[in-house]
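Let's take a walk through this structure together. Keep the viewer open and follow along.

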Amino acid sequence: KIPAYHHRVAAAVHSVGKVPLGIKRKGLRIVVTGGAGFVGSHLVDRLIARGDSVIVVDNFFTGRKENVMHHFGNPRFELIRHDVVEPLLLEVDQIYHLACPASPVHYKFNPVKTIKTNVVGTLNMLGLAKRVGARFLLTSTSEVYGDPLQHPQKETYWGNVNPIGVRSCYDEGKRTAETLTMDYHRGAGVEVRIARIFNTYGPRMCLDDGRVVSNFVAQALRKEPLTVYGDGKQTRSFQYVSDLVEGLIRLMEGEHVGPFNLGNPGEFTMLELAKVVQETIDPDARIEYRPNTEDDPHKRKPDISRAKDQLGWEPKVDLRKGLPLMVSDFRQRIFGDQKEKAS
Ligand code: NAD
Ligand code: UDP
Ligand code: UDP
């Protein structure tokens with residue numbers, strides 16, 4: 001019989017940041033699905049740095065080996081090319097389940113595959129968690145609130161989601177993933193955690209993934225016009241990736257199931273975002289209006305009181321501080337690549 005999660009982990013002093021200097025902490029074995037992607041790779045960096053053993057499971061749909069290559073050769077790091085829609089046998093203590101394309105352009109590319117990833121993929125990882133007694137964390141999304149009729153959004157809000165729209169494969173997929181997570185918790189006693197992540201940006205985002213921050217930054221650097229969809233008055237709240245990673249780890253290590261909103265309450269219209277990008281990269285960058293996409297949520301801003309109270313977490317990096325950190329990575333990847341192609 002597998003001992004309960006907390007018995008095994010109690011032996012491994014695991015509270016992040018609380019390990020007294022000089023005491024050797026026993027590392028955990030952690031799976032990060034989607035660990036070769038944008039958020040996952042930053043999470044992996046933190047877990048490896050604190051001494052854990054990490055297995056990345058990724059099918060490389062939107063992830064890249066380059067994001068985790070710096071860990072190759074580390075005996076505490078393993079990379080498995082695997083699609084979570086297929087069953088997987090591993091022995092681990094924790095599962096961070098991130099595998100799923102996050103950009104609308106990517107998740108709409110093959111909507112049925114997106115649903116399978118969210119539903120069958122999450123089912124498999126919960127089955128794995130149940131079999132080995134691991135703690136399971138789901139990265140859900142602010143999209144579960146749909147086009148919200150409450151503002152800002154609290155975790156108690158049930159959302160306003162179109163079940164038959166072009167975004168449904170993602171929003172409804174994640175809503176079902178949350179349901180499965182709670183059913184494995186209630187029915188099989190699996191230890192679970194649910195994060196509802198709001199728009200996040202930072203280094204290693206795909207250059208052309210179509211999300212607004214990556215689009216504007218790449219466009220400004222390439223001296224192309226910034227493409228504002230619709231009238232540009234819709235809002236989003238942008239979180240820097242290191243804040244998110246801190247929140248995910250606190251959630252996993254803490255005692256609360258959630259769901260927890262993890263996002264930065266700093267809210268911007270797309271026109272305001274374009275202005276910050278102009279100020280940061282190129283004051284002469286032009287704006288070009290394009291038709292908006294279908295079912296685009298009009299506004300989005302997290303209420304993070306629950307995460308503040310129960311996880312002691314809040315974001316530290318505002319947009320004007322975070323954007324330059326992403327710009328240097330984008331500059332290097334855009335112009336570095338061009339130099340390579342030219343030579
Ligand atoms: P990303 O696209 O960079 O990363 C997703 C990773 O999952 C990629 O490495 C991809 O190859 C992998 N993947 C996709 N389908 C898979 C499958 N079937 N099997 C195995 N691997 C698969 O996206 P991200 O921004 O890093 O997002 C990570 C997670 O966070 C996602 O679950 C996303 O829904 C959630 N999230 C992100 C944001 C955000 O703003 N970045 C917001 C809300 C929720
Ligand atoms: N599963 C997996 N790895 C495991 C255990 C289970 O991928 O280590 C998959 C399994 O193939 C199944 C899913 O998780 O499709 C749900 O497993 P569970 O045991 O909860 O349900 P059952 O197999 O009884 O349908
Ligand atoms: N958007 C935009 N220009 C772009 C890309 C997106 O104005 O080049 C808008 C989009 O219509 C939406 C917002 O930016 O209102 C955020 O879109 P994104 O795809 O980044 O994330 P979402 O929050 O919709 O998942």
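First, the ground rules. This is a predicted model, in which local features need pLDDT of at least 70 and side-chain atom pairs count only at pLDDT 80 or more, while totals for chains, interfaces and linings use all residues. Residues are numbered from 1 along each chain as its sequence is written, and chains are lettered from A and ligands numbered from 1 in the order in which they are written.

Start with the record. An unreviewed UniProt entry carries the annotation "domain: NAD(P)-binding" over residues 32-324; UniProt positions are in the numbering used here, feature names are shortened, and annotations may be inferred rather than shown by experiment. Across residues 32-324 the chain is 37% helix and 17% strand, with the end C-alpha atoms 27 Å apart. Helices (H or I, at least four residues) and strands (E, at least two) are DSSP runs, numbered from the N terminus.

Now for ligand 1. It has 28 residues around it, and the closest are Gly34, Gly37, Val39, Thr62 and Gly63; a residue is near a molecule or strand if its C-beta atom, placed from the backbone, lies within 6 Å of it. The elements giving two or more residues to this shell are α2 (38-49), α4 (111-132) and β5 (135-141), and α2 supplies the largest share, three residues. By class, the shell around ligand 1 has 13 nonpolar, 13 polar and two charged residues. For that count, Ala, Val, Leu, Ile, Met, Phe, Trp, Tyr, Cys and Pro are nonpolar, Asp, Glu, Lys and Arg are charged, and the others, Gly among them, are polar.

Stay with α2 for a moment. Its twelve residues should span 16 Å at 1.5 Å a residue, and the end C-alpha atoms are 17 Å apart, which agrees; the expected span is 1.5 Å times one less than the number of residues. Buried residues of α2 include Phe38, Val39, His42, Leu43 and Leu47. Buried here means 20 or more other C-beta atoms within 10 Å of a residue's own, exposed means 12 or fewer, and partly exposed is in between, with C-beta atoms placed from the backbone. Among the elements covering the buried residues of α2 are β1 (29-33), β2 (53-58) and α7. After α2 comes glycine 51, with a positive phi near 105°.

Helix α7 leads us to the core. The largest nonpolar core has 77 residues, and Phe136 and Leu248 touch the most other members; such a core is a set of buried Ala, Val, Leu, Ile, Met, Phe, Trp, Tyr and Cys residues joined through C-beta atoms within 7 Å. Helix α7 (residues 241-253) gives this core its largest share, seven residues. Leaving aside neighbours within four places in sequence, leucine 248 is in contact (C-beta atoms, placed from the backbone, within 7 Å) with Leu43, Tyr96, Leu137 and Ala195.

On to the other ligands. Around ligand 2 you'll find Pro87, Leu88, Leu89, Leu123, Asn124, Gly127, Leu128, Lys130 and Arg131, a shell of five nonpolar, two polar and two charged residues. Ligand 3 has 15 residues around it, with Arg211, Val212, Asn215, Thr227 and Tyr229 coming nearest. Here α6 (212-221) and β8 (226-229) are the elements that give two or more residues, and β8 gives the largest share, three.

Two residues tie this part of the chain to later elements. Alanine 274, in helix α8 (residues 270-280), is buried, with 23 other C-beta atoms within 10 Å. Beyond its sequence neighbours within four places, alanine 274 is in contact with Phe216, Leu226, Val228 and Ile287. Glutamate 288, in strand β13 (residues 287-290), counts as exposed because it has 10 C-beta neighbours inside 10 Å. Glutamate 288 and leucine 226 are 62 residues apart in sequence, yet their C-alpha atoms are 5.9 Å apart.

Finally, the backbone. The peptide bond from histidine 151 to proline 152 is cis, with omega near -10°, and another cis bond joins glycine 258 and proline 259, with omega about 5°. Lysine 223 is not a glycine, but has a positive phi of about 60°; it is in the loop between α6 and β8.

Technical notes:
Two residues are in contact if their C-beta atoms, placed from the backbone, lie within 7 Å.
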